[in-house]
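Subject: Structure handover

Hello,

Here is the structure I promised to pass on. Please open it first, then read my notes below.

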Amino acid sequence: MSSQPNREASTPLLIGAPPREADCFQGRTEGALLKDEIQSPDVTSATFLLVGSGGVGKTQIAAHYVRTRLAEQSVDVVVWASASSQESVQHSYAQAINALTGADISDVENAAAQFLAWAHITDLKWLVVLDDLTTPSILRGLWPPTCDSGATLVTTRRRDAALVGAQRKHIPVGTFQEIESVRYLSEKLISNGREETSEELGRLARDLDYLPVALAQSAAYLIDSGLGCSQYRELLADRRRSLSELVPDVESLPDDHVGLVTATWSLSMDQANSLNPRGFARPVLQIAAVLSGSGFPREVFMASASREFIGVSLGEAADQQITANRIVAALRNLRRLSLIEDDSTVVDDGGIIRVHGLVQRAVLETLDEGAYEDAVEAAADSLVEVWPKSSVQSDLVRTLRLNAEFMCENSMRELLSYFCHDLLFKHGENLLAAGFAPAAVEYLTTLRAAIEEIDSDRPDLQFVRLSLGDALEEAGQISLALSEYQTLLSDEEGRDNGSEEDTLHIRSVLAECRGRAGDTKGSVRDFEELLKDRIRFHGLDHRLTSDTRRRLVTARSRAGDIPGAIATCQELLEDEFRVNGRDHPDTRHTQLHLAEEIGASGDVVGAIEILEDLLAQVSRVHGKHSEETFSTRHYLAEWYVEDGRHSAAIKVTQSLLQDATALWGDSFPEVLEIKSHLADYVGSSGDHGRALKISREILGVHLLHHGHDSPGTLDSRGLVAHWKGRSGRSREAARDYALLLSDCENILGVDHPLTVETVGRLGSMLRMIGDFQGSLLIYQRLVSDRDRLHGSGHPKSLKARDSLAYALFLVGDDGNSLEMFREVYAKQVLLLGEDHPDAVHTLEHIEELEK
């Protein structure tokens, strides 16, 4: 990577957006000290921290310093980053490296690392500003380097030991001095055609304890209201007396400033609320007060829930009076009174609103319990309403997720008041969709504990526990998921007011998980018993009964009972023809299932005939390019490949990909899955180079839309490595798998299914390049992983042992190899039957070794 940006070094480059300079900005001694310290030829520090309480002007000092350096052209590159989260810092670093070198930033974490590497080696003068660092741990692994070419400036309220060091210079920031306060108030008023005596302004400044944030709000109020300074002081004193006791001690406020901030806010809020549209500003700010002050989408206020909340506050019908234009006007008034920051340029979906934490606290302390609950409900409903249905992890989705986390941390009791709010479920779902299964497990475990503390018999607890089980499965913790479902079933059956329908659903989920855990025969028994109870409770023709019959087909197939699976599927299909007709989606689903099982029995031609007939039927009714044909075309291509008809499979899949892309777009998960199948079919036809090209295209889309850490991206890297190996680049593929394994361990955890699958793929690739000893070590780990996760009798564990036995054979340990093959074969016959392909394959190895 080049150390020089693709630009003229003489033109300073600013990445990020410092806040606009406050009207009548006052030069301060702290700012002068900062400049002297950073630009001193004798400087020994590389990091400078402006440390002070909330509202004292740290960010304005930093922003003024940045503007001064840019104007002087004494710096080449400035990066302004919000330090409220690791994600926001990484995003700013990624934008910087892109602007400097044109580097791809779809992998944000990697791009951030590239920026830090660039900062270490460049000769250009750089400055990184990390604004409003809320906790030192955010910068773990993200501190800019210590070097002669650059400096780091941090604004923070924190004074932790972790921020102290030999090369970190602390510059305390306090309130204004009296002369600065009077000068600020005088300049602000004069610039708006108002004058007050220095003596009166001095008295007001003393009333406000010289706190910059309070001075700014008071000046805005005086200008907007037209009130005289002495009159304002009288109002302020009265409001301060009546409100200060409402606010508990606040860590971020210096000394006794709680009351004065509350009072100045109260007057400013009243003024904003009096502007047209009258009465809008207060409910708008009440919603903003329960969201993350570091930023939330402007679109939240346009949601029907927010509009209804505003309407109730005004006593008006939301659909008639609460228009988008009036809400925008209210936001404009709030910004005018310095109560919010409104940046409409941050995201494509309408901009980001930010609110100072002190303003939020002051707002909340004026709400009674009922009003607070109403604001929380409106905000949570609005977040759910504006949340995109797509699984793409956009900037908007990340902002919504951060706000969901904020509300969970600060308003959990209200979100759990009667029933889990939809936002709580949405947050868990999004964590899984983003690939953060371990985080989802932690979150849902916490949510479960919170509900149980309120009432362990609440009906919504069941949904949370089912979601927790799903997250455990996604995280690869199958045995813990199985235990969770078993305990849930026992608890539900023991409830006096338990629902039999709920019990049947839990039994179905448990039976599925049991099969995935390796107890295939137990899964069949569970579904057989469940089917009897479904018929008794719902009747033979109910959709849930049919669903259980389909799941029984899968369970029997998984257990190796293909004839039983086919018979069950045929019986179900006859009933669905009778009840639903031939064109019902459930009927088509069962026909697809029947083709699958017939093909699994060895009758590939029979499977293809069923699918070709079904495709012709669906095409006649819905059109040959319709979405209704997608599943049938996919399965038909699969069986064409099985029959050796690769060109036919490729043709069908290319047509399917074109239609799916036209319907959903090229980043939709189902489209990417179809494209991965196309790579498989092209590769299996012998065109490994083209398969590799398609795989790289899939990886590029995943990186762009889902980021480096998503399971889809990691899986795509494995696909690329696979086709590299098949293209004759086996050593490069082995290296790719080793790197992928390391990333899977760090991002997903050692127990995640993709991590364990990657272990097996790495073992296979090492064997392919002739590294038999390395392959042996990897397969030993694979056996350990499979046994730990599934138990030694699970089919996947047996398959791992089969691979290990073959690895022993390749290194010349025939005795242990034969012993292990025999052990595997005995268990395969017991679990799967002697005719199962896995058992047949193992027996071939045994016979070869016994010769």
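Which residues of helix 10 are buried? They are Ala281, Pro283, Val284, Leu285, Gln286, Ile287, Ala288 and Ala289. Buried means under 20% relative accessible area, exposed means over 50%, and partly exposed lies in between, with a 1.4 Å probe and protein chains only. Helix 10 covers residues 281-289, and eight of its nine residues are buried, so it is largely enclosed by the rest of the structure.

Some ground rules. This is a predicted model, in which local features need pLDDT of at least 70, side-chain atom pairs count only at pLDDT 80 or more, and totals for chains, interfaces and linings use all residues. Residues are numbered from 1 along each chain as its sequence is written, and side-chain values use heavy atoms, with hydrogens and water left out.

The whole chain

The chain has 37 helices and nine strands. Helices (H or I, at least four residues) and strands (E, at least two) are DSSP runs, numbered from the N terminus. The C-alpha trace spans about 105 × 65 × 50 Å along its principal axes. Of the 851 residues in the chain, 51% are buried. Contact means heavy atoms within 4.5 Å. Among contacts with a separation of 6 or more, 65% are between residues 24 or more positions apart.

How many disulfides does the structure hold? The count is zero. A disulfide is a covalent bond between the sulfur atoms of two cysteines. Here the test was a pair of cysteine sulfur atoms within 2.5 Å.

Helix 19 and helix 20

Start with helix 19 (residues 460-474) and helix 20 (residues 478-494). Their axes come within 7 Å and cross at roughly 165 degrees. That makes helix 19 roughly antiparallel to helix 20. Axes are lines fitted to C-alpha atoms, for helices over the stretch in contact, and angles run from 0 to 180 degrees between N-to-C directions. Angles under 35 degrees count as roughly parallel, over 145 as roughly antiparallel, 65 to 115 as roughly perpendicular and the rest as oblique.

The crossing of helix 19 and helix 20 is left-handed. A crossing is left-handed if the near helix is turned anticlockwise from the far one by less than a right angle, and right-handed if clockwise. On the helix 19 side, the contact residues include Leu466, Leu468 and Leu472. Helix 20 meets them with residues including Ile478, Leu480 and Leu488. By class, the contact has eight nonpolar, three polar and six charged residues. Ala, Val, Leu, Ile, Met, Phe, Trp, Tyr, Cys and Pro count as nonpolar, Asp, Glu, Lys and Arg as charged, and the others, Gly among them, as polar.

Leu480 lies in helix 20. Leu480 is partly exposed, at 46% relative accessibility. Its C-alpha atom is 41 Å from that of Arg354, 126 residues away along the chain.

Helix 5 and helix 6

Helix 5 (residues 178-190) and helix 6 (residues 198-207) have axes that come within 9 Å and cross at roughly 115 degrees. This crossing is right-handed. Six nonpolar, four polar and two charged residues make up the contact of helix 5 with helix 6.

Leu714

Leu714 sits in helix 31 (residues 711-726). Is Leu714 buried or exposed? Leu714 is buried, at 0% relative accessible area. Leaving aside neighbours within four places in sequence, Leu714 contacts His708, Asp709, Leu740, Asp743, Cys744, Ile747, Leu748 and Leu754. Leu748 is 34 residues away along the chain, with its C-alpha atom 9.7 Å from that of Leu714.

Backbone points

Most residues other than glycine have a negative phi, and most peptide bonds are trans.

- Asn276 and Pro277 are joined by a cis peptide bond, with omega about -5 degrees. Pro277 is in the loop between helix 9 (258-274) and helix 10.
- Gln73 is not a glycine, yet has a positive phi of about 55 degrees. Gln73 is in the loop between helix 2 (58-72) and strand 3 (77-82), and is exposed at 52%.
- Asp132 has a positive phi of about 60 degrees, and is not a glycine either. Asp132 lies in strand 4 (residues 126-133) and is partly exposed at 32%.

Best wishes
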